Amino acid sequence: MEKIKQNLTNWQESLMTSIPLGGLITRNATVYKWKAPFRCWLLREAALWRVTDLLNQSYELHQQEHGLGARILLRSGFETLAALLYLNHNIREVIDGKLNFHQFSRLTIRQAIGSKNKSDSTMAINILGMLDKGNRRYPGLRGIFDNLSESAHPNFDGMLGGYLKVDHDEYETNFSNRWMDLHGEEYLNQLELCMATFDHEYGEVWTDLMDKLESWIVENDAELENTKNAPLSD
């Protein structure tokens, strides 16, 4: 558990507090005249801020033996991981010629400012779709999320399963808070998995993909200029 706390501390200390657009333009003016690469930076850093916030709170609840709250926040942590995986998937698709760059740009807009509560006309991307794409890269990811969702919802696992135990000998149903007994050890394993996967995708995968995307944009800039006003299918 000390390793978990140290990793969370390292994340907290590494959070980026600003992204100067001028610095990105200096890095590569051809690339950053396009808005999609800038949004890639925003989405990546916001994902780290969010997952750090969520998992710090989740771990603190676990330490206080508040097992249900810890699992619900961990579930949100896996959703945040899925958002980063989705971004990386789409960058890879552009590089491989499987996704139109301008369509990709539209997806980054939806991922950045989309909503489900109609506060904006931009529709958010469905998180289950992100999780399914992430599950192709990391089989079992969707299963972990679904398992955590059962705790978050008032289904059997989230209601009766979490609070009662039947004494068949005494023909009696007893209530207690069973979350730590049922899921305490499992929680730590899932937390470590979430953190390790996020670390890899944030620190290694995204960095490599962005280098390749920047090179791809430079090589294809003329075509991108010629097609930037072309209609796109939804």
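# Reading helix packing, a nonpolar core and salt bridges

Author: In this predicted model, helix α1 passes α4 in a left-handed crossing.

Reader: At what angle do α1 and α4 pack, and how far apart are their axes?

Author: Two packed helices are described by the angle between their axes together with the distance between those axes. Here α1, which covers residues 2-14, packs against α4 at an angle of about 145°, and the two axes are 10 Å apart. On the α1 side the contact is made by Ile4, Lys5, Leu8, Trp11, Gln12 and Ser14, while α4 contributes Leu48, Val51, Thr52, Leu55, Asn56, Tyr59 and Glu60. Sorted by class, the contact of α1 with α4 consists of seven nonpolar, four polar and two charged residues.

Reader: Which residues touch the most other members of the largest nonpolar core?

Author: In soluble globular proteins, nonpolar side chains tend to be buried together. The largest nonpolar core of this model has 54 residues, and those touching the most other members are Leu55, Ile91, Phe101, Phe104 and Phe198. Two or more residues of this core come from each of α1, α3, α4, α5 (67-95), α6 (101-113), α7 (127-137), α8 (141-152) and α10. The largest share, 15 residues, comes from α10. Leu55 also belongs to the contact between α1 and α4.

Reader: What does Phe101 touch, once residues up to four places away in sequence are not counted?

Author: With those set aside, Phe101 touches Trp34, Ala36, Pro37, Val94, Trp216, Ile217 and Leu224.

Reader: Is Leu213 buried or exposed, and which residues is Leu213 in contact with beyond its neighbours within four places in sequence?

Author: Leu213 lies in helix α10, and its relative accessible area is 1%, so Leu213 counts as buried. Leaving aside those sequence neighbours, Leu213 is in contact with Ile91, Val94, Ile95 and Phe104. The C-alpha atoms of Leu213 and Val31 are separated by 8.8 Å, although the two residues are 182 residues apart along the chain.

Reader: Turning to charged groups, how many salt bridges does a search of the whole structure find?

Author: Side chains of opposite charge can pair when their charged atoms come close. The search of the whole structure finds twelve salt bridges. One of them joins Arg27 and Asp211, whose closest N and O atoms are 3.6 Å apart. This pair links distant parts of the chain, with Arg27 in helix α2 (residues 21-27) and Asp211 in helix α10 (residues 179-227), 184 residues apart. Arg27 has a relative accessibility of 42% and therefore counts as partly exposed, and Asp211, with a relative accessible area of 39%, is partly exposed.

Reader: Why does the salt bridge of Lys33 with Asp221 tie together parts that are 188 residues apart in sequence?

Author: The closest N and O atoms of Lys33 and Asp221 are 3.1 Å apart. Because Lys33 lies in the loop between α3 (29-32) and α4 (35-63), whereas Asp221 is in helix α10, the pair ties together those parts of the sequence. Lys33 is partly exposed at 43% relative accessibility, but Asp221 counts as buried because its value is 14%, and buried means under 20%.

Reader: Which residues are linked with Lys33 and Asp221 in a network of salt bridges?

Author: The network links Lys33 and Asp221 with Glu225 and Lys228. Glu225 forms a salt bridge with Lys228, the closest N and O atoms being 2.9 Å apart. Glu225 counts as partly exposed at 27% relative accessibility, and Lys228 is partly exposed at 43%.

Notes. Residues numbered from 1 in each chain as written. Predicted model: local features only at pLDDT ≥ 70, side-chain atom pairs only at ≥ 80, totals over all residues. Heavy atoms only, no water. Salt bridge = Lys/Arg side-chain N within 4 Å of Asp/Glu carboxyl O. Helix = DSSP H or I, 4+ residues; strand = E, 2+ residues; numbered from the N terminus. Buried < 20%, exposed > 50% of the residue type's maximum accessible area, 1.4 Å probe, protein only. Axes fitted to C-alpha atoms, helices over the stretch in contact; angles between N-to-C directions. Left-handed = near helix turned anticlockwise from the far one by under 90°. Contact = heavy atoms within 4.5 Å. Nonpolar A, V, L, I, M, F, W, Y, C, P; charged D, E, K, R; others polar. Core = buried A, V, L, I, M, F, W, Y, C linked by side-chain atoms within 4.5 Å.
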